[in-house]
Amino acid sequence: MATSAPRRYLRWSSHDHRRKTPHDPSRALTALIAATTGVGLLLVGAPAQAQPTVAEIESQIDEVWAELEPTIERHNAVRQDLAAKKKQADELQKKIKPLQIQIDLAMDRVSEFAARSYKGGSPSVFNAILTNGKPTHLADQLELLDQFARRQARDVQAVVDLKNEYAAKKAPLDELIVELTSTEAQLAAKAKEIDAEVDRLQDLRLEAYGSTNTLGSLRPAPCPATYPGGAAGKAVTFACAQIGKPYVWGSAGPGSYDCSGLTLAAWAQAGVSLPHNAARQRQVTANVSRDELRPGDLIFYYSGLSHVGMYVGNGWIVHASQAGEPVQMRKIGSSVHSYGRPG
């Protein structure tokens with residue numbers, strides 16, 4: 001952590017009241033857009049100062065980020081839901097395709113039968129039967145033809161019914177994909193506005209601090225403090241190696257990360273799959289107490305579970321904190337919600 005300018009990092013105790021518990025993204029799309037709109041209003045209303053102090057700049061960044069980070073984590077959840085729904089629709093489409101082939105083949109058979117019966121084949125059959133001089137044979141033949149036609153009709157109708165059933169199931173998925181895709185596009189557009197404002201604040205920060213590296217080391221202590229071995233060892237070693245890489249929201253590496261993207265990528269090195277969302281990572285990790293923490297464990301922050309970092313030992317975490325900040329170490333701090341252990 002920086003010693004000359006500690007306010008550069010997130011203020012872990014001052015924004016609890018701003019954090020909101022995220023709703024399920026697939027049922028709260030309007031709320032997501034409203035959340036980003038609220039951030040935009042905050043930026044527009046930010047007081048303009050000719051020569052803001054470093055503390056004022058950091059305060060602006062923290063204030064914007066306290067509103068933005070929960071939105072980013074919810075956006076990550078929306079994006080995961082979108083991918084899952086698309087996969088589900090693709091699988092359904094694969095199921096429908098063979099049925100369509102069956103329908104086409106059945107219809108071809110019926111058409112061929114009809115052509116033979118009414119255009120070409122049937123008269124010769126009838127002539128053969130008539131010249132045979134046995135009317136009972138004609139009745140038998142007609143009965144066979146009628147049974148075949150009815151069987152064909154039943155076969156075709158059964159396949160059509162199945163196709164209609166699958167099409168009915170697919171229709172809501174198509175609608176949901178359109179809705180999620182539209183929402184993601186709106187969020188992406190709003191995120192560009194927010195990123196532009198954060199970049200402006202970052203430019204002010206660099207101007208205020210000067211061009212020299214007065215912000216301190218990003219790795220102020222050994223990382224990890226002790227090597228835990230096993231899966232956790234792979235995860236924590238990877239996380240420590242990402243120190244210095246930039247924060248980019250929605251990113252899970254290899255060149256940049258957001259908070260849940262970093263922990264996701266780190267544990268993926270150990271073969272453990274985590275969702276790209278802090279709240280969902282909390283759901284799939286085992287509870288541990290602070291006294292039980294060991295390197296590789298995850299630390300979740302705020303009542304809304306909108307931030308996550310990885311414990312690396314001796315009271316330090318590695319995390320991707322916010323735009324304009326690279327991946328770095330910091331003390332655990334306050335505003336901790338809970339602790340989780342993947343694997």
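Predicted model: local features only at pLDDT ≥ 70, side-chain atom pairs only at ≥ 80, totals over all residues.
Gly313 of strand S3 (307-313) stands opposite Trp316 in S4. S3 and S4 run antiparallel to each other, joined over three bridges. Their hairpin leaves two residues between the strands, and there Asn314 adopts a positive phi near 55°.

Back on S3, Gly309 faces a residue of strand S2 (residues 298-301): the one opposite Gly309 is Ile299.

| Strand pair | Sense | Bridges |
|---|---|---|
| S2 and S3 | antiparallel | four bridges |
| S3 and S4 | antiparallel | three bridges |
| S4 and S5 | antiparallel | four bridges |

**The whole sheet**

These pairs belong to an open sheet of six strands, ordered S1-S6-S2-S3-S4-S5 and paired in the antiparallel sense. Strand S1 (286-288) and strand S5 (328-331) are the edge strands; each has a single partner, so one side of each lacks a neighbour in the sheet. From one strand to the next, the twist averages 40°. As a reminder, strands of a sheet pair through backbone hydrogen bonds, in either a parallel or an antiparallel way.

Helix H5 lies across S3 and S4, and runs at about 105° to S3. Helix H6 (259-268) lies across S2, S3 and S4, and its angle to S3 is about 45°.

H5 covers residues 230-241, and its length can be checked simply: at 1.5 Å a residue, its 12 residues should span 16 Å, and the end C-alpha atoms are 17 Å apart, which agrees. Which residues of H5 are buried? They are Ala232, Gly233, Ala235, Val236, Phe238, Ala239 and Cys240. The buried residues of H5 pack against H6 as well as against strands S3 (307-313) and S4 (316-319).

Taken together, S3 and S4 pair with each other, H5 and H6 both lie across them, and the buried residues of H5 pack against these two strands and H6.

Terms used: Residues numbered from 1 in each chain as written. Heavy atoms only, no water. Expected span 1.5 Å × (residues − 1). Buried < 20%, exposed > 50% of the residue type's maximum accessible area, 1.4 Å probe, protein only. Contact = heavy atoms within 4.5 Å. Pairing = 2+ DSSP bridges. Axes fitted to C-alpha atoms, helices over the stretch in contact; angles between N-to-C directions.
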